[in-house]
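These exercises go through a structure step by step. Try each task before reading its solution.

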Amino acid sequence: MIPHRVFNIFWMLAFALLMAAATPAGARDSAIRVGLTPAFLNDQYGLLDDWRAYLERKLGRRVEFVERDRYRETMDLLGLGKLDFAWVCDYPYVYLKKQKQVRLLAVPYSRGRSLYRAYLIVPARDTHTRSILQLKGKVFAYADPYSNSGYLTPRYQLHEMGEDPDKFFKRTFFTWSHRNAIEAVAAGIAQGASVDSFVWDSLAKVRPQITAHTRIVSRSPEYGFPPFVANRTVSDQDFAAMREVLLDMNHNAEGVALLRRLNLDGFKEGKPGIYQAVAEMMNAMGGR
Amino acid sequence: MRSLYDLSLRFKIPLWGSVLILVTAGSVGLALMFHAYDDLRQDVLISADSLGRTLSKTLFPVMLHDDVWHAYEIINAPFHSATPANPMQASALVLLNEQGRVYVSTQAYVYPVLADFGKLGPGYERLAKKLPGIRDHSSRNFELEGSNQIVVATPIAEGQERLGTLLIFYSKSVFVPRFLAIASRAGGITLLVLTILLPINWYWGRHLALPLMKLSSRMGEIGTHIPEPPDPAAYVHRDEVGELFVAFGKMVEALREGERMKDEMVRSQRLAAVGRLAVGIAHEVNNPLAGMLTAVDTLKQRPDIDPRVIKTVGLLERGLMQIRDTVQALLVDSRVVDRALAPNDIEDMRTLFQSHLLEKQLDLEWHSGLTQEIPLPATYVRQVVINLLLNAIQAAPGGGQIECRVEPEAEGLNIMVANTGALLTAEQMARLFEPFATAKEMGHGLGLWVTYQIVQQLRGSITAENGSDTVRFVVQLPLEHRP
């Protein structure tokens with residue numbers, strides 16, 4: 001039997017933790033809240049724990065990761081001031097930048113480049129499809145309505161080809177992540193999807209048995225890599241500290257190990273100009 | 001087949017027993033296996049029903065919000081920890097919308113999104129027609145015709161609002177390994193039981209058949225000779241077989257008795273015939289013999305007779321006297337009125353034979369239970385005792401033993417005389433009471449014959465038997481049937 005006193009201490013601790021969790025972000029002195037989205041392979045929880053611990057040590061501050069599947073939720077949390085930083089897709093960045101909600105903090109790069117593409121994938125069994133036009137009347141999986149590679153790009157392509165993206169497919173649905181979109185195609189539920197090349201390449205490394213069931217039909221032009229953004233509410237001091245830590249990651253062994261697990265080479269400051277193509281597509285598709 | 005029925009019981013009983021055991025074990029095993037199969041199927045259906053109800057509750061809002069991917073994640077969840085050998089593992093989950101089209105499925109290549117479920121095949125068409133009939137919230141199971149699949153259908157509904165149907169497919173082939181496992185276990189137990197039961201059955205069958213076979217072979221001997229009675233140790237139980245043994249023993253006994261009676265009869269008849277012949281001749285000889293002896297006597301009385309003639313006459317007379325003695329011996333006639341037998345008559349015998357006994361240094365064990373007169377002719381009984389004692393003294397070796405017992409009984413008188421001489425051979429036994437049938441150097445061989453004749457006339461019986469080292473003659477004389 002556990003003595004009652006131990007139980008009492010347990011309950012008091014649990015209550016204290018609950019209170020702490022319920023306290024709004026602004027009320028706490030030093031916690032930094034970082035929003036994570038499916039812009040990268042965000043379901044490797046062990047890696048995220050290690051990364052968060054690394055960031056806490058480097059910043060000397062408490063770091064909280066806030067994971068949301070839908071970009072819209074992360075965008076809303078930024079708008080509400082509940083997040084200090086976030087790693088989002090380039091489409092939300094362009095969208096939020098237009099509203100002056102965020103500024104560019106850092107851009108990840110891989111093999112020296114801060115660019116990625118959208119892959120049009122089909123099930124591996126489908127050996128004849130060569131173009132998105134051949135998917136007319138099929139079932140198509142979108143990642144997220146605020147995803148560049150998983151929504152904006154294929155719709156823009158169809159638009160450019162003179163098709164109405166709203167009527168082109170027989171059925172579409174959202175999987176709320178690139179990884180799920182890849183799985184939907186691999187399982188044959190969708191006959192096509194457009195996914196983030198970074199996610200597909202990362203998944204091909206950690207779970208090749210899933211990507212093996214898909215086939216890349218075409219690759220889009222390059223876009224700026226999904227960026228790390230800072231909320232406009234973040235002080236210059238915090239902004240600089242966070243940027244410093246991220247850019248420093250590839251200069252120490254622990255950081256390099258984490259980057260390798262993230263399938264990245266490092267972070268750099270980046271220029272907003274690399275997102276110009278996304279902004280143009282957004283404008284072409286309705287300026288949202 | 002006929003030869004099978006003709007088999008010896010030795011094989012037939014164990015064989016039939018084995019067949020029965022095999023049939024019983026087989027049918028029990030089969031029944032258990034079918035029961036197990038049925039149980040397995042029931043378990044699967046119950047599990048499917050519970051899975052269907054759980055998923056349908058979760059799927060309703062998801063379908064209502066038209067979230068295909070979420071619906072897929074829900075129906076795909078049971079496959080995350082799937083093990084291939086689990087018979088409860090569904091082969092596929094298919095979610096249909098109210099138009100009978102595939103909303104989403106875990107096997108999109110077989111059941112593609114938006115495919116018309118009823119057009120996937122003839123079995124599907126019939127199944128699709130039954131689905132709208134499931135009105136309440138419970139699940140129903142169907143056999144998918146033309147395949148080895150069981151389908152459990154659960155409507156996705158809340159109240160009157162119905163959005164579709166969840167179909168859970170189970171492949172019966174998943175049952176097979178489990179069923180085979182059960183079957184092999186049942187088979188193993190059956191074999192174990194058989195390895196115990198079959199030898200027991202074989203032993204028991206032989207145990208039952210062997211005594212019967214012994215009886216049967218003994219019975220087969222009856223045609224040629226009377227068999228030995230069965231060994232009572234061969235079967236000690238008192239059941240029908242035991243009774244058969246007893247009855248067979250009795251039958252053999254009766255057969256032997258009959259055989260003995262027949263032999264006795266033949267011998268009596270022979271002795272009677274010989275007796276009649278002997279007595280007849282004796283009478284025929286006796287009449288002229290009396291005349292001849294009278295004539296010889298008269299001749300001897302004559303004064304003027306020549307001495308040489310006297311010598312001749314004396315020769316004739318001695319010869320005729322010998323003939324008369326022999327004839328007299330043959331002429332046994334007990335019908336003469338005689339006095340009753342007294343104890344002294346028997347005691348006299350003992351005195352009478354003292355000299356004979358001393359001569360051969362024989363030891364006599366004497367017992368007479370006679371204490372008063374009994375109504376038997378004294379002369380003849382004395383004659384019988386004398387003859388038997390004489391015979392015993394002759395038969396006994398020097399220094400041997402002779403036993404004589406005379407016992408009166410309620411029914412008559414028992415006389416037993418035994419000696420330690422050579423045992424009688426079977427041939428001697430057969431001709432013992434015939435005249436001139438002696439094996440001895442001394443005597444004319446009429447003693448036992450005469451004894452036999454007397455006993456016969458007194459309606460008694462005489463038997464001779466070999467003991468362990470003695471030869472015994474037993475005479476029984478009845479009181480009532482006096483001549």
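Accessible areas come from the Shrake-Rupley method with a 1.4 Å probe, and for residues only the protein chains shown count as cover. This is a predicted model, in which local features need pLDDT of at least 70 and side-chain atom pairs count only at pLDDT 80 or more, while totals for chains, interfaces and linings use all residues. Residues are numbered from 1 along each chain as its sequence is written, chains are lettered from A in the order in which they are written, and side-chain values use heavy atoms, without hydrogens and water.

**Exercise 1. Describe chain A as a whole.**

Step 1. Begin with the surface: chain A has an accessible surface of about 13500 Å², and 54% of this belongs to carbon and sulfur atoms.

Step 2. Turn to burial, where buried means under 20% relative accessible area, exposed over 50%, and partly exposed in between (1.4 Å probe, protein chains only). Of the 288 residues in chain A, 51% are buried.

Step 3. Count the elements, taking helices (H or I, at least four residues) and strands (E, at least two) as DSSP runs numbered from the N terminus. Chain A holds 12 helices and 13 strands.

Step 4. Look at contacts (heavy atoms within 4.5 Å). Among the contacts in chain A with a separation of 6 or more, 80% join residues 24 or more positions apart.

**Exercise 2. Explain why helix α7 of chain A is described as largely enclosed.**

Step 1. The helix covers residues 178–187, and nine of its 10 residues are buried, so the rest of the structure largely encloses it.

Step 2. Among the buried residues of α7(A) are H178(A), R179(A), N180(A) and I182(A).

Step 3. Check the two ends. After α7(A) comes G188(A), with a positive phi near 90°.

**Exercise 3. Work out the surroundings of S149(A).**

Step 1. S149(A) belongs to helix α5 (residues 148–160) of chain A.

Step 2. Its relative accessible area is 0%, so S149(A) is buried.

Step 3. Leaving out residues up to four places away in sequence, S149(A) touches several others, including Y116(A), R117(A), H178(A) and D196(A).

Step 4. The S149(A) side chain also comes to 3.4 Å from the backbone nitrogen of D196(A).

**Exercise 4. Characterise the interface of chain B and chain A.**

Step 1. On chain B, 13 residues are in contact with 18 residues of chain A.

Step 2. Buried area is the accessible area (1.4 Å probe) that two parts lose on being put together, summed over both. For these two chains the value is about 1300 Å², with 62% on carbon and sulfur atoms. W69(B), Y109(B) and L114(B) supply 53% of the area that chain B buries against chain A, more than any other three residues.

Step 3. A salt bridge is a side-chain nitrogen of Lys or Arg within 4 Å of a carboxyl oxygen of Asp or Glu. The rule finds two salt bridges across this interface. In a salt bridge of 4.0 Å, N to O, the side chain of D67(B) meets that of R70(A).

Step 4. The most come from α3(B), with four residues.

Definitions and conventions
Polar contact = N/O pair within 3.5 Å; in protein donor to acceptor, adjacent residues only side chain to side chain.
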